[in-house]
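Welcome! Here is a short briefing to read alongside the sequence and the 3D view.

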Amino acid sequence: MTEKKRILTGDTPTGRLHLGHWVGSVENRLALQEQYDCYFLIANKHAFTTRADRPADIRQSVLEIATDYLACGIDPQRSAIFIQSEVPAIDELTFYFSMLVPFNRVMRNPTLKDEIRDKGLGDNYPFGFPLYAVGQCADILAFRPQLVPVGEDQLPHLELSREVARRFDQMYCGVDPQTEDKDYVTAGGVFPVIQPKLGRVERLVGTGAPSAETGELLKMSKSLNNAIFLSDDAQTVTKKIRGMYTDPKRIRATDPGETDPRKNPLWAFHETFNPDTAWVDEHRQLYRNGKVGDVAVKNKLIEVINNLIDPIRTRRQHFEQRPDDVIDALRLGTRKANVIAEQTLQLAKTAMKQDYFPQRSVTLS
Ligand code: TRP
């Protein structure tokens, strides 16, 4: 039996999906579900690292994200959308993996450091906070995926997963440390040294003004209040785009930086979302020369964004009225995820000589 190659990726449920998620990953996932066997994890346990006191919010976010996935066109019959906490093999692997990574190595992870700074955690974060980075290695490796599509900010986590895979395979499967990353499994390893796959746009800016400190535009993010959500209605999209920050210096034709998409979100959005590149090139020039103003360019953007979001919005309304369908999709996906994760756990335990009661029916895949 030839199987499709697997993909694993996930999101921490912190709220609804926005346009940054769309270009950073969702769009990519829709394309990949054609050729790969896809596993999309909703990392509800990771949400407890900072919101252990708000379980109802976490539950709500899980359902919102699942609804968003379905609204975007992820097909639950083909791709498994699943809940992390319902796949116990992930936890078991986390424990073993945590023995393979020096604590200091975990704390050097720049994504953790950024989170500690941005969320103002100081040194009051729980023990489970650094543990989540090891947990993410287990999220990934439990599926022995070929590819892991993520945003740029996740690369440090993926690097840790690569280190864990090498370490495990060398320590328990006798894989020679000289082996090339791509050959770990053929050399007898349980875990592949996984490859990240970045989205088309790694970091979409938000609708707001640049940071007062750095002068750079900020990343689109729910917590910065500069996001356009995939679930926003047409009026809300219109309002957000009308109120979007634009570069006040745009009229000065002598300044070559004035339509720089890194300075002006209006152009960053057109470049990212407007499929009519000829329109964008022409109007960028007109804008630079003061021949067309913010209003016209914003109106065009409203049209572009609403065209993108419209079908998502319609499907979202459909699923909002059928919450049981969302639960059924999650149940199906979680069942599928458990099959693979359990197989992986058995392979790992066998390699670690902790298979005391071997199951007769485990088949490889
Ligand atoms: N840490 C990721 C985020 O915050 C979510 C995540 C959890 C994830 N486990 C994963 C992403 C495994 C990719 C693979 O968005």
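Where does Asp-181 lie? Asp-181 is found in the loop between helix 8 and strand 5; helices (H or I, at least four residues) and strands (E, at least two) are DSSP runs, numbered from the N terminus. Please keep in mind that this is a predicted model, in which local features need pLDDT of at least 70, side-chain atom pairs count only at pLDDT 80 or more, and totals for chains, interfaces and linings use all residues. Residues are numbered from 1 along each chain as its sequence is written, and side-chain values use heavy atoms, with hydrogens and water left out.

**Around the ligand**

- The ligand is surrounded by 13 residues, and the closest are Gly-10, Thr-12, Gln-136, Asp-139 and Gln-154; a residue counts as near if one of its heavy atoms lies within 4 Å.
- In the side chain of Asp-139, an N or O atom is 2.7 Å from a nitrogen atom of the ligand.
- For the side chain of Gln-136, an N or O atom is 2.9 Å from a nitrogen atom of the ligand.
- Gln-154 has a polar side-chain atom 3.0 Å from a nitrogen atom of the ligand.
- On its own the ligand has 370 Å² of accessible area, and the protein covers 87% of that (Shrake-Rupley method with a 1.4 Å probe; for residues, only the protein chains shown count as cover).
- Strand 1 (6-11) and helix 7 (128-141) are the elements that give two or more residues to the shell around the ligand, and strand 1 supplies the largest share, four residues.
- By type, the shell divides into five nonpolar, six polar and two charged residues. Here Ala, Val, Leu, Ile, Met, Phe, Trp, Tyr, Cys and Pro count as nonpolar, Asp, Glu, Lys and Arg as charged, and the others, Gly among them, as polar.

**Strands 4 and 5**

- Strand 4 (residues 147-150) and strand 5 (residues 195-198) run parallel and are joined by four bridges; two strands pair if DSSP finds at least two bridges between them.
- Pro-149 has Lys-197 as its bridge partner in strand 5.
- From strand 4 the chain passes through helix 8 (residues 155-173) to strand 5, a β-α-β crossover that is right-handed. That term applies if, with the strands pointing away from the viewer, the path from the first strand over the helix to the second runs clockwise.

**Buried or exposed?**

- Asp-181 counts as partly exposed because its relative accessibility is 25%; buried means under 20% relative accessible area, exposed over 50%, and partly exposed in between (1.4 Å probe, protein chains only).
- Asp-181 and His-46 are 135 residues apart in sequence and 28 Å apart in space, C-alpha to C-alpha.
- Ile-116 sits in helix 6 (residues 110-118) and counts as buried because its relative accessibility is 16%.
- Arg-29, in helix 1 (residues 19-35), is buried, with a relative accessible area of 2%. The side chain of Arg-29 makes a polar contact (3.0 Å) with the side chain of Asp-11; such a contact is a pair of N or O atoms within 3.5 Å, where within protein one must be able to donate a hydrogen and the other to accept it, and residues adjacent in sequence count only if both atoms are side-chain atoms.

**Positive phi angles**

- Most residues other than glycine have a negative phi.
- Arg-144 is not a glycine, yet has a positive phi of about 40°. Arg-144 lies in the loop between helix 7 and strand 4 and is buried, with a relative accessible area of 9%.
- Lys-353, also a residue other than glycine, has a positive phi near 60°. Lys-353 is in the segment after helix 13 (323-351) and counts as exposed at 64% relative accessibility.
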